[in-house]
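Visitor: I'm new to reading protein models. Could you walk me through one?

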Amino acid sequence: MIWVAVVVAALGCYLLKLAGLSVPPRVLERPLVERVADLIPVALLAALVAVQVFSRGHEIVVDARALGLAAAVVLLLLRAPFLVVVFGAALVAAGVRLL
């Protein structure tokens with residue numbers, strides 16, 4: 001039964017990819033389509049971060065992860081390098097959890 005689900009998912013992914021490749025270039029070159037295509041990954045990443053930071057199971061929580069996210073935002077506004085942002089956010093979140 002699990003293999004049926006795997007095959008159906010693989011087929012669905014392939015057909016979705018094929019549908020994207022079959023769109024005519026003149027449709028993709030429209031300014032509105034280009035703007036939307038540029039913003040979709042940002043919106044999906046923001047939604048993923050929000051779900052991972054502010055939820056535990058089916059509950060909405062605000063804990064050390066939220067302070068780690070706030071530290072990351074501050075470091076990004078200060079134009080810190082990516083690794084500094086990651087480690088800074090992790091240190092803040094871990095420090096708050098220890099307290």
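Guide: In α4, the buried residues are A64, A66, G68, A71 and A72. Buried means under 20% relative accessible area, exposed over 50%, and partly exposed in between, using a 1.4 Å probe and protein chains only. Helices (H or I, at least four residues) are DSSP runs, numbered from the N terminus. This is a predicted model, where local features need pLDDT of at least 70, side-chain atom pairs count only at pLDDT 80 or more, and totals for chains, interfaces and linings use all residues. Residues are numbered from 1 along each chain as its sequence is written, and side-chain values use heavy atoms, with hydrogens and water left out.

Visitor: What do the buried residues of α4 pack against?

Guide: They pack against α3 (31-54) and α5 (82-98). After α4 comes R79, with a positive phi near 60°.

Visitor: Now salt bridges. How many does a search of the whole structure find?

Guide: A salt bridge is a side-chain nitrogen of Lys or Arg within 4 Å of a carboxyl oxygen of Asp or Glu. The search of the whole structure turns up 2. D63 meets R56 at 3.1 Å, N to O, and D63 also meets R65 at 3.2 Å, N to O. That links R56, D63 and R65 in a network of salt bridges.

Visitor: Is D63 buried or exposed?

Guide: D63 counts as buried, because its relative accessibility is 18%. R56 is partly exposed at 47%, and R65 is partly exposed too, at 25%.

Note on methods: Helices (H or I, at least four residues) and strands (E, at least two) are DSSP runs, numbered from the N terminus. Contact means heavy atoms within 4.5 Å.
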